[in-house]
Amino acid sequence: MSDEGDTGDGPAARDARDAVGRAWDQLVATARRTVTDGLVVGTSGNVSVRVGDTVLVTPTGVPYDRLAHDDIVGVGLDGRQVIGSLRPTSELPMHLATYRATGARAVVHTHAPHATAVSTLVPELPLIHYMAAALGGPVRVAPYAAYGTPELAENVLRALTDRTACLLRNHGTLAYGASLDQAYDRTAQLEWMCRVWLLSSSIPGLTPALLSPEQLQETAERLRGYGQESPEAAEAAAEGMESEA
């Protein structure tokens, strides 16, 4: 592992390296979880986490089960590689655009099968479940563009307006959060909602009941303070809903 930005070996520098190392290990664990949970196949998808002004990101074309502690890859917000020798994911523009435009501290991109299927059918995931409120509202589908391009990054940012997750047409999902755990949980929630909609839509002669915007707004308000810890994430989701009201 190389540390081009390290200017010394004092306590502060060592603490910074330790923080980066811990974040990388968590990133690798999250990337492996996307495979275990069936959200990606092979080397598809990618994961990143921000530590200060450095973005740690999975390398391109390397199976996650082969990644080790010393395989760390880090770039600045300008895209310049500052840590490691492996090349970053080809989807780096999409990750960096998300960090620049939002308060994201972690980003998870997958090729989740049910979500990808939904992305080919509708411009927005129908309101099949109230947990859409936890993602800021109805989940949009970003128009198709070739992977790794600035055009795809721009499409994703538009779909993420007042949201913390979106679908990518004929491609997959992107979700961000204040931590890798939160970004992953949002990814899993989105895939689950897509699966529920596909299942409910597959019954001949029946049409699934959908929630109204008012019902979703009620959920957004109830999510304020949900759980055992800080309600900031739920409040952000509710504020996103209110901005469109």
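**Exercise 1. In which sense do S7 and S8 pair, and over how many bridges?**

*Before you start:* this is a predicted model, in which local features need pLDDT of at least 70, side-chain atom pairs count only at pLDDT 80 or more, and totals for chains, interfaces and linings use all residues. Residues are numbered from 1 along each chain as its sequence is written, and side-chain values use heavy atoms, leaving out hydrogens and water.

*Solution.* 
Step 1. Find the strands: helices (H or I, at least four residues) and strands (E, at least two) are DSSP runs, numbered from the N terminus.
Step 2. Apply the pairing rule, which asks that DSSP finds at least two bridges between two strands.
Step 3. S7 and S8 are joined by 4 bridges in the antiparallel sense. Across this pair, Cys166 stands opposite Leu174 in S8.
Step 4. Look at the turn: the hairpin of S7 and S8 has 3 residues between the strands, and there Asn170 takes a positive phi near 55°.

**Exercise 2. Work out the strand order of the sheet and name its edges.**

*Solution.* 
Step 1. The open sheet has 8 strands in the order S4-S3-S2-S1-S5-S8-S7-S6, and its pairing is mixed.
Step 2. Strand S4 (81–83) and strand S6 (141–142) are the edge strands, since each pairs on one side only.
Step 3. Strand S1 (residues 46–51) and strand S5 (residues 106–110) run antiparallel and are joined by 4 bridges, with Asn46 having His109 in S5 as its bridge partner.
Step 4. S5 also pairs with S8, in the antiparallel sense over 5 bridges. Here His109 stands opposite Leu174 in S8.

**Exercise 3. Classify two helix pairs by their packing geometry.**

*Solution.* 
Step 1. Axes are lines fitted to C-alpha atoms, for helices over the stretch in contact, and angles run from 0 to 180 degrees between N-to-C directions.
Step 2. Angles under 35 degrees count as roughly parallel, over 145 as roughly antiparallel, 65 to 115 as roughly perpendicular and the rest as oblique.
Step 3. Helix H1 (residues 11–36) and H5 pack at about 15°, with axes 10 Å apart, so H1 is roughly parallel to H5. Residues making the contact include Leu27 and Arg33 of H1 and Tyr184 of H5.
Step 4. Helix H2 (residues 92–101) and helix H4 (residues 150–159) pack at about 40°, with axes 8 Å apart, and are therefore oblique to each other. Among the contact residues are Met94 and Ala97 of H2 and Val156 of H4.

**Exercise 4. Is Thr58 buried or exposed, and what does Thr58 touch?**

*Solution.* 
Step 1. Thr58 is found in the loop between strand S2 (54–57) and strand S3 (74–76).
Step 2. Its relative accessibility is 0%, so Thr58 counts as buried.
Step 3. Not counting residues up to four places away in sequence, Thr58 touches Leu27, Ala31, Asn46, Val47, Tyr64, Pro88 and Thr89.

Note on methods. Contact = heavy atoms within 4.5 Å. Buried < 20%, exposed > 50% of the residue type's maximum accessible area, 1.4 Å probe, protein only.
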